[in-house]
Amino acid sequence: MRHLPAATACLLLALAGTIDARAQDCGGDFDAWKAAVAGDARQAGVGERGLAALARARHDQRIIQRDRAQGVFTQTFNEFAGRMINSYRLQHGAANLKKHASVFARAEQQFGVPGPVIAAFWALETDFGANQGDFSTLNAIVTLSHDCRRPELFRPQIIPLLKLIDRGDLPADVKGAWAGEIGQTQMLPTDIMEKGVDGDGDGHVDMRGSVPDVILTTANNLRSYGWRAGEPWIVEVDVPDEMPWEQAGLHVRLPMSQWAAWGVKKRGGEALGGGPDASLALPMGRKGPAFLVFPNYDVYLEWNQSFVYTLTAANLAARLAGAPKFDPGHPEEGLTGESMKLLQRKLQARGHDVGKIDGVLGARTREAVRKEQLRLGIPADAWPTPALLANL
């Protein structure tokens, strides 16, 4: 499951406050709980088709098992991007950009989002619609709403899903991802309801089978996250041997002139030139791949909060727009598994908040690493190495 976008999560939490208290309660007798949900749905204007679909919804223990068994993300950027930016996606992405050029042009004209950006999400989420998921969407959302782990995130999806079924945009037995995402770019019912665009003019928003609907709705969704038309999202760069590495990271955004003054150049040595303020992203430290990311990169983080996933998606979009394959560099040996957990425990013992001890190099662990590197007087590029672990 991709993470819920921050904006969507906030919206769902707000919507959850408007739901009848009877149906907010989680757990307990499933049929009684579902009857309360049905009452709220009827009050919200859901018609007989949607209510009949809800009546057939079942608790699916497989969904709970999937939710509990989510694996931690331990691949490095070079590993993940090397696997995800593959020849299939590049070839089919280029073919789709050409085949549906007029629709992509409409999307950029109406919403400001370039075709390669849309095509990259289309590729990563479902391989252009080939793998949309085979779980009952209604069963998934009802099951996760009844479960007491995260009901506030899923309960607000039920009524929008029933309304989409009511108006014929989705069949009652619609299938998708195990966590309720639907269609070729894996959007949640609330997003489809609010941002859906009928691209082919048939009176419905079909995110499963209509390419125009998929392209235009995805563009509208990205615009709602704050996409800035005509601005870049990522550019690969070469970094010097020495610079103030503590300024790297998504927490710092500086003018292009400052990065140029420190010796940062476009890959191949070309001067940076102008553009919006940017952050220097070093997913594997100062000796690995390097990118400047711009305000439009924040939209990627609204889609998925993973640093590695979003850098991969942004790079795939750049490739589809004509950029060369990124240079993986020669990163220093990193930490994985138990050694990463040991590092997290040592950082925690020194007073740093690294969140859960899970062996994952997340944002809080990176920030703690940066602070310890500064304390030790070594390049503060937020990349943990065996040498850093030994020094702690």
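D238 stands opposite K265 in β4, and that pairing is a handy way into this structure, which is a predicted model.

**Strand pairing around β3**

- Strand β3 covers residues 234–238 and pairs with strand β6, residues 291–293, in the antiparallel sense.

**The disulfide**

- C26 and C148 make the bond, with their sulfur atoms 2.1 Å apart.
- The torsion about the S-S bond is about 110°, so this disulfide is right-handed.
- C26 sits in the loop between α2 (21–24) and α3 (30–43), while C148 sits in the loop between α10 (137–146) and α11 (151–154), so the bond ties together parts that are 122 residues apart in sequence.
- Buried or exposed, or partly exposed: where does C26 fall? C26 is partly exposed, because its relative accessible area is 29%, and buried would need under 20%.
- C148 is partly exposed as well, at a relative accessible area of 45%, since exposed would take over 50%.

**Salt bridges out in the open**

- E48 and R42 meet through their side chains in a salt bridge, at 3.2 Å from N to O.
- Both E48 and R42 are exposed.

- R150 and D67 form a salt bridge with an N to O distance of 2.4 Å.
- R150 lies in the loop between α10 and α11 and D67 in helix α5 (residues 61–68), so this pair ties together parts that are 83 residues apart in sequence.
- R150 has a relative accessible area of 16% and is buried, and D67 counts as buried too, at 3%.
- D381 and R286 also meet in a salt bridge, at 3.5 Å from N to O.
- That pair links distant parts of the chain, 95 residues apart: D381 is in the loop between α19 (363–376) and α20 (386–391), and R286 is in the loop between β5 (279–281) and β6.
- Both D381 and R286 are buried.

- Which residues do salt bridges with shared partners join into one network? They are D67, R68, D147, R149 and R150.

Note on methods: Residues numbered from 1 in each chain as written. Predicted model: local features only at pLDDT ≥ 70, side-chain atom pairs only at ≥ 80, totals over all residues. Heavy atoms only, no water. Pairing = 2+ DSSP bridges. Helix = DSSP H or I, 4+ residues; strand = E, 2+ residues; numbered from the N terminus. Disulfide = S-S within 2.5 Å. Buried < 20%, exposed > 50% of the residue type's maximum accessible area, 1.4 Å probe, protein only. Salt bridge = Lys/Arg side-chain N within 4 Å of Asp/Glu carboxyl O.
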